[in-house]
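Please take a moment to look over the sequence and the model below. The paragraphs that follow lead through the structure step by step, from helices to strands and then to aromatic rings.

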Amino acid sequence: MTGEQTELGRFLRTRRGGVRPGDVGLPAGPGVRRTPGLRREELATLAGVSIDYYTRLERGKETRPSPAVVDALARTLRLNSEEHEFLRALASQAARRAPAPPAPPSRAVRPSVRLLLETVRPNPAYVLSRVNDVLAANPGGFALMPGLAQWPARQRNTIRYTFLHPAARDLWPGWEAKARGCVAHLRAVAGRDPDAPDLAAIVGELIVKSPDFARFWARYEVRRMGDGEKEFNHPAVGTMTLTHETLELNRTDGQRVVIYLATPGSPDHDAMVLLDLAAAQAEQTTQAEQTTQAGQAGPRTGRQVPGGIPG
């Protein structure tokens with residue numbers, strides 16, 4: 001049994017367990033149902049396939065479901081458009097051998113995109129990879145998640161931050177909804193490119209390190225990260241609610257710019273401006289200290305003579 005078949009079966013089982021008989025016009029029947037949601041035979045009948053066929057499909061023994069069968073299952077399971085597309089991708093993967101893992105996506109950010117980050121200040125903004133690695137940010141963008149900039153550049157990832165940084169649960173009052181959205185986004189990425197090495201790395205790490213991530217990952221929720229409002233309880237500027245817009249960058253491997261906004265003159269906007277100013281000042285102070293330290297430890301130009309004394 002291949003990994004793709006297992007993923008298809010797990011997704012079908014998970015979604016079958018979430019559909020109640022009453023949702024699809026079936027009576028619950030007498031007694032206690034041993035199976036949460038629909039039984040296999042109920043789903044098979046509603047989708048117009050044999051019980052044996054559906055059982056083999058769910059167990060990974062059937063690997064070539066037709067597009068008509070996939071669409072019928074999606075309708076019966078009441079999948080939304082993104083979940084439907086995810087099911088199609090899993091079915092497609094089950095019908096073929098997995099290809100060689102693709103090369104990791106480029107982390108390079110174009111100079112024009114970095115200029116955009118500076119142009120939108122004081123609005124916090126950053127560039128994310130498809131798995132939410134932070135590839136670049138303006139001062140407010142880094143400061144929006146306290147402590148993120150102190151991580152090594154390769155470790156800066158908003159989903160890793162959400163689950164592993166000690167400040168995250170206090171930063172977002174609606175932490176669980178935020179966290180579930182992060183996991184659903186990674187599920188959507190998995191539907192499009194399940195063998196991606198960057199996806200495998202972040203998912204593997206978080207399943208091991210975060211029980212909450214492992215629990216949410218098992219739900220098979222699928223949703224791309226979109227736009228909307230986010231509430232922050234920021235330790236530097238207090239509570240603020242910011243709208244965010246996501247801009248897909250063409251000619252990249254899934255990079256996108258996230259920009260936070262607030263109505264000018266509002267308390268939220270004032271807090272956003274204050275965050276940018278504080279972040280910029282801290283950045284200047286750090287750069288000045290680094291320059292001073294570099295000057296104090298500058299290269300020695302003298303000739304070494306015996307005894308270690310510069311000549």
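Predicted model: local features only at pLDDT ≥ 70, side-chain atom pairs only at ≥ 80, totals over all residues.

**Helices, strands and rings**

Where helices H10 and H11 cross, the crossing is left-handed. Two packed helices are described by the angle between their axes and the distance between the axes. For H10 and helix H11, which spans residues 197-209, the angle is about 145 degrees and the axes are 10 Å apart. On the H10 side the contact is made by Leu-186, Val-189 and Ala-190, while Leu-199, Ile-202 and Val-203 meet them from H11. An α-helix has 3.6 residues a turn, so residues three or four places apart point the same way.

Another helix to look at is H3, residues 51-58, whose buried residues are Tyr-53, Tyr-54, Thr-55, Leu-57 and Glu-58. H3 is followed by Gly-60, which has a positive phi, near 85 degrees.

We can now turn to the strands. Five of them form an open sheet, in which the order is S2-S1-S5-S4-S3 and the pairing is antiparallel. Strand S2 (134-137) and S3 stand at the edges with a single partner strand each, and therefore one side of each has no neighbour in the sheet. Direction ignored, neighbouring strands of this sheet are turned by 30 degrees against each other on average. Within the sheet, strand S1 (residues 125-128) runs antiparallel to strand S5 (residues 256-261), and the two are joined by four bridges; in S5, Val-258 is the bridge partner of Tyr-126. S3 and strand S4 (residues 238-248) are also antiparallel, and seven bridges join them. Here Glu-229 has Thr-243 in S4 as its bridge partner, and the two strands form a hairpin with three residues between them.

The aromatic side chains give another view of how parts of the chain meet. A pair of aromatic rings is described by the distance of the centres and the angle of the planes. How many aromatic pairs does the structure hold? There are 11 aromatic pairs. In one of them, the rings of Phe-163 and Phe-213 have centres 5.3 Å apart and planes at 85 degrees, and because an angle over 60 degrees counts as edge-to-face, this pair is edge-to-face. Phe-163 belongs to helix H8 (residues 158-164) and Phe-213 to helix H12 (residues 211-217), so the pair ties together parts that are 50 residues apart in sequence.

Trp-172 and Phe-232 are both buried. They also belong to a cluster, in which ring pairs link Tyr-126, Trp-151, Tyr-161, Trp-172, Phe-232 and Tyr-260.

Arg-169 lies over the face of Trp-175, at 3.7 Å from the ring centre, and the charged end of Arg-187 sits over the ring of Tyr-220, 3.7 Å from its centre.

Technical notes:
Residues numbered from 1 in each chain as written. Heavy atoms only, no water. Phe/Tyr/Trp six-rings, centres within 6.5 Å; stacked < 30°, edge-to-face > 60°. Buried < 20%, exposed > 50% of the residue type's maximum accessible area, 1.4 Å probe, protein only. Lys NZ or Arg CZ within 6 Å of the ring centre and 35° of its normal. Pairing = 2+ DSSP bridges. Axes fitted to C-alpha atoms, helices over the stretch in contact; angles between N-to-C directions. Left-handed = near helix turned anticlockwise from the far one by under 90°. Contact = heavy atoms within 4.5 Å.
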